[in-house]
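Dear colleague,

Please find below the sequence and structure that I am handing over to you.

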Amino acid sequence: MARDNLGSFEYKILSVLLRQPRDAYGATLQERIEETTGRGVSIGALYTTLDRLERKGLVSSWWGEPTTERGGRRKRYYKIEASGAEAVHRTAAMYARFGSGSALPQGL
């Protein structure tokens, strides 16, 4: 990985995947991040960051089966890898050193 610690949005995505790994695809990840942070998330920014995290080996993805409720389209599911979990813990420790002891950045 090029950097030792994650960017804020990368950290938020990986934290959500770590805490709520089930049924993790674009729309559910977007909702979970928005619920956690109270802020809107661009679906484009989400997918761009997920692609980057996958290239770094921190997440993996696979295509689900087509569903009739989605007009025959498939969902792309995401899973945090061990290296992604390690990056979350490493970044949380870095945030803890900078503040009131909270391991989470503002908004998460």
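Glu10 is found in helix H1. Please keep in mind that the model is a predicted one. Is Glu10 buried or exposed? Its relative accessible area is 2%, and a residue counts as buried under 20%, so Glu10 is buried. The side chain of Glu10 also takes part in a polar contact of 2.9 Å with the side chain of Lys56.

**How H1 meets H3**

Helix H1 covers residues 8-19 and helix H3 covers residues 43-55. Their axes come within 10 Å and cross at roughly 85°. Angles of 65 to 115 degrees count as roughly perpendicular, and therefore H1 is roughly perpendicular to H3.

Which residues make this contact? On the H1 side they are Phe9, Glu10, Ile13 and Leu14. On the H3 side they are Ala45, Leu46, Thr49, Leu50, Arg52 and Leu53.

**The nonpolar core**

The largest nonpolar core contains 21 residues. Those with the most contacts inside this core are Leu6, Ile13, Leu14, Leu17, Leu29 and Leu46. Two or more residues come from each of these elements: H1, helix H2 (26-37), H3, strand E2 (76-80) and helix H4 (82-98). Which element gives the most to this core? That is H1, with five residues.

With kind regards

Conventions:
Residues are numbered from 1 along each chain as its sequence is written. This is a predicted model: local features need pLDDT of at least 70, side-chain atom pairs count only at pLDDT 80 or more; totals for chains, interfaces and linings use all residues. Side-chain values use heavy atoms; hydrogens and water are left out. Axes are lines fitted to C-alpha atoms, for helices over the stretch in contact, and angles run from 0 to 180 degrees between N-to-C directions. Helices (H or I, at least four residues) and strands (E, at least two) are DSSP runs, numbered from the N terminus. Angles under 35 degrees count as roughly parallel, over 145 as roughly antiparallel, 65 to 115 as roughly perpendicular and the rest as oblique. Contact means heavy atoms within 4.5 Å. Buried means under 20% relative accessible area, exposed over 50%, partly exposed in between (1.4 Å probe, protein chains only). A polar contact is a pair of N or O atoms within 3.5 Å; within protein, one must be able to donate a hydrogen and the other to accept it, and residues adjacent in sequence count only if both atoms are side-chain atoms. A nonpolar core is a set of buried Ala, Val, Leu, Ile, Met, Phe, Trp, Tyr and Cys residues joined through side-chain atoms within 4.5 Å.
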